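Hi,

Here's the structure I promised to pass along. Have a look at it first, and then read on for what turned up.

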Amino acid sequence: MNTSNTQDVPDANLEAAAFLRKARESILSEFKKRIVGQEEVIDELLIALFSQGHCLLVGVPGLAKTLLINSLAEILDLQFNRIQFTPDLMPSDIIGTDIIQEDTDKGSRFFRFIKGPVFSNILLADEINRTPPKTQAALLQSMQEYKVSAGGVTYPLDLPFFVLATQNPIEQEGTYPLPEAQLDRFMFNIYIDYPDSAAEKQIVMTTTSAYDPSLQPVISGEEILRLQKIVRKVPIAESMVEYAVALSRVSRPNNPDAPDFIKDWVNWGSGPRASQFLVLGAKARAIMHGRYHVSQDDIKSVAKPVLRHRILTNFNAEADGITSLDIIDRLLGIVEVPTH
């Protein structure tokens, strides 16, 4: 099967691909009014959004992580809520709580559920590692099942639902590292680095002036839901699926086919979710660039944000100065697309 042949692809899907490519360009154009650079980060955010995934943004303070997410909500014209995670935050502060109300006509009392900030389309979990695991876990059901249970009742969330969590990598005092099971719920781990000299100069000039740009909505929630369905319909060759699975499997030290450096440096490799997200991310990236087929470059482009937080290194790696990114680079260099 030649996946680059669009002859059998429904016209509606090709139109959706063209619409998504133009929407991406419009979104980037709106972001440039307020955000300097960070095109790769914005692309990864959009890939996760159209793949129905969630993102963990990691970066030192002052790199506009919160501003980036605020701007995304404005451009997408979606309901947005922000939670500042603190050590005293409780699960009910996220999902909501039951309160007692009195019916004066009947002289009776009843419980009424007051929805928490999780009931939104885009949820910013700011500094998520500043709250204990009990509260962090309040997001698990909503991220996986798009629903919330409270007081024996399950409430569906409005779709699309997109969790964007931020984390400061340099502060360890008073923080609670995310459990591996919760890290795995995030499709992407996006690292935001320092800007270069020219970009930093432009940031300072812009933010210290009276310039206050207004952003225009580019795409609606209904269109996002339609495009999320289209992404899953993008065809992918079996060899590309096998390539994504191979990247994930050889990262596991208990795999007999794993290279020696994996067995030396890795405690735990990536699970099946990594393979799924590699394929979904590659599909979204392809269609965002106007192609209705997946290439090897698409999978390679999403490999780092997908695998970065799923490959857990050991003490030997730390002693040798090896990070999960170094291991991913090596894997991308040795794993080849299967040929049939």
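**What turned up**

Leaving out residues up to four places away in sequence, T175 is in touch with N129 and R130. Keep in mind that this is a predicted model.

To place T175 for you: you'll find T175 in the loop that runs between β8 (162–167) and α7 (180–183). Is T175 buried or exposed? T175 has a relative accessible area of 14%, and anything under 20% counts as buried, so T175 is buried. Another residue to look at here is T131: T131 and T175 are 44 residues apart along the chain, with 6.9 Å between their C-alpha atoms.

Next, the hairpin. Strand β6 (residues 147–150) pairs with strand β7 (residues 153–156), and the two run in the antiparallel sense over four bridges. If you want a spot to start from, A150 sits opposite V153 in β7. Two residues lie between the strands of this hairpin, and G151 has a positive phi near 60° there.

How many cavities of 30 Å³ or more does a search of the whole structure find? The search finds one. The largest cavity holds about 30 Å³ of space. Its lining is made up of Q52, Y146, L159, P160, F161, L225 and Q228. Sorted by class, the lining of the largest cavity comes out as five nonpolar and two polar residues, with no charged ones.

Cheers

Key
Residues numbered from 1 in each chain as written. Predicted model: local features only at pLDDT ≥ 70, side-chain atom pairs only at ≥ 80, totals over all residues. Heavy atoms only, no water. 1 Å grid on protein atoms, 1.4 Å probe; cavity = no way out; pocket = protein on both sides within 12 Å on 5 of 7 lines; lining within 4 Å. Points joined across faces, edges and corners; volume = space filled by probe spheres on them. Nonpolar A, V, L, I, M, F, W, Y, C, P; charged D, E, K, R; others polar. Pairing = 2+ DSSP bridges. Buried < 20%, exposed > 50% of the residue type's maximum accessible area, 1.4 Å probe, protein only. Contact = heavy atoms within 4.5 Å.
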